[in-house]
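Reader: Could you walk me through this structure, starting with the ligand?

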Amino acid sequence: MSRPVPVIAIDGPSASGKGTVASRVAAALGFHLLDSGALYRLTAVAAMRAGIPLDDEAALERVSAGLDVRFADGQTWLAGDEVSDAMRSEAASVGASRVAVHGGVRSALLDRQRAFRQPPGLVADGRDMGSVVFPDARLKVFLTASVEVRAERRYKQLIEKGLSANLESLSQDLRERDERDSRRAHAPLVQLPDAIALDTSSMSVDAAVRFVLDAWEKAKVG
Ligand code: CDP
């Protein structure tokens with residue numbers, strides 16, 4: 001029997017650097033990339049635009065099942081609108097973590113995520129890549145960093161994009177989102193026993209990418 005398409009799952013809390021590391025690792029290996037958080041962000045943006053309350057699970061499930069999304073050239077379109085910046089705003093971040101608590105929304109997004117698993121391989125980043133979406137991932141990495149470092153990284157990202165940001169409220173938002181992601185009943189953020197932990201608090205992006213690529217060299221022959 002042929003071996004399944006390999007997956008590298010990179011999970012961890014907000015602003016731990018998962019997105020950057022995942023995209024660099026995917027580029028280095030020529031693998032596809034799944035930014036699963038984007039789907040929760042887009043669900044939140046679509047719901048907010050339609051005036052749907054973020055606690056209306058049945059309506060949100062319909063929104064996520066019917067998301068009209070297009071990813072191309074580093075940009076994202078939702079129902080024909082370019083939303084690349086809008087989906088990265090703090091409102092969309094908080095909204096994403098609120099819609100993500102609903103089991104119905106999570107199930108509605110499962111097939112869409114698994115469809116990214118195409119040869120020669122996939123790097124997937126999120127909260128439940130190794131636990132729920134790709135439990136058979138060949139390599140699982142749990143990427144983390146201290147809240148202070150993560151808040152500063154997020155602050156820099158937003159300022160560089162010309163968006164407004166406040167360090168104190170960002171730290172507060174991060175703590176609340178960590179709490180919501182870790183305590184929810186469906187697919188909570190956990191460090192799996194078979195995941196390799198990597199604390200990037202005092203690590204450069206280059207070093208984190210190298211660490212994952214080295215781990216992959218070992219995992220792929222196993
Ligand atoms: O960039 P950041 O890590 O802050 O967020 P993200 O990865 O874009 O995810 C936004 C939100 O979506 C998170 O706070 C989670 O609540 C949710 N999410 C999730 O529940 N499961 C995933 N696989 C990915 C994101």
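Author: Of the 19 residues around the ligand, those that come nearest are Arg41, Arg106, Asp128, Asp181 and Arg184, where a residue is near a molecule if one of its heavy atoms lies within 4 Å of it. This is a predicted model, in which local features need pLDDT of at least 70, side-chain atom pairs count only at pLDDT 80 or more, and totals for chains, interfaces and linings use all residues. Residues are numbered from 1 along each chain as its sequence is written, and side-chain values use heavy atoms, with hydrogens and water left out.

Reader: And how far is an oxygen atom of the ligand from the side chain of arginine 41?

Author: An N or O atom in the side chain of arginine 41 is 2.6 Å from a ligand oxygen, and for arginine 184 a polar side-chain atom lies 2.8 Å from an oxygen atom of the ligand.

Reader: How much of the ligand does the protein bury?

Author: The protein buries 96% of the 520 Å² that the ligand exposes when taken alone, with accessible areas coming from the Shrake-Rupley method with a 1.4 Å probe.

Reader: Which element gives the most to the shell around the ligand?

Author: That is α2, with 4 residues; helices (H or I, at least four residues) and strands (E, at least two) are DSSP runs, numbered from the N terminus.

Reader: Switching topic, what is the order of the strands in the open sheet?

Author: The order is β3-β4-β5, with antiparallel pairing, and two strands pair if DSSP finds at least two bridges between them. Between β3 and β4 there are 4 bridges, and arginine 70 has tryptophan 77 in β4 as its bridge partner.

Key: Polar contact = N/O pair within 3.5 Å; in protein donor to acceptor, adjacent residues only side chain to side chain.
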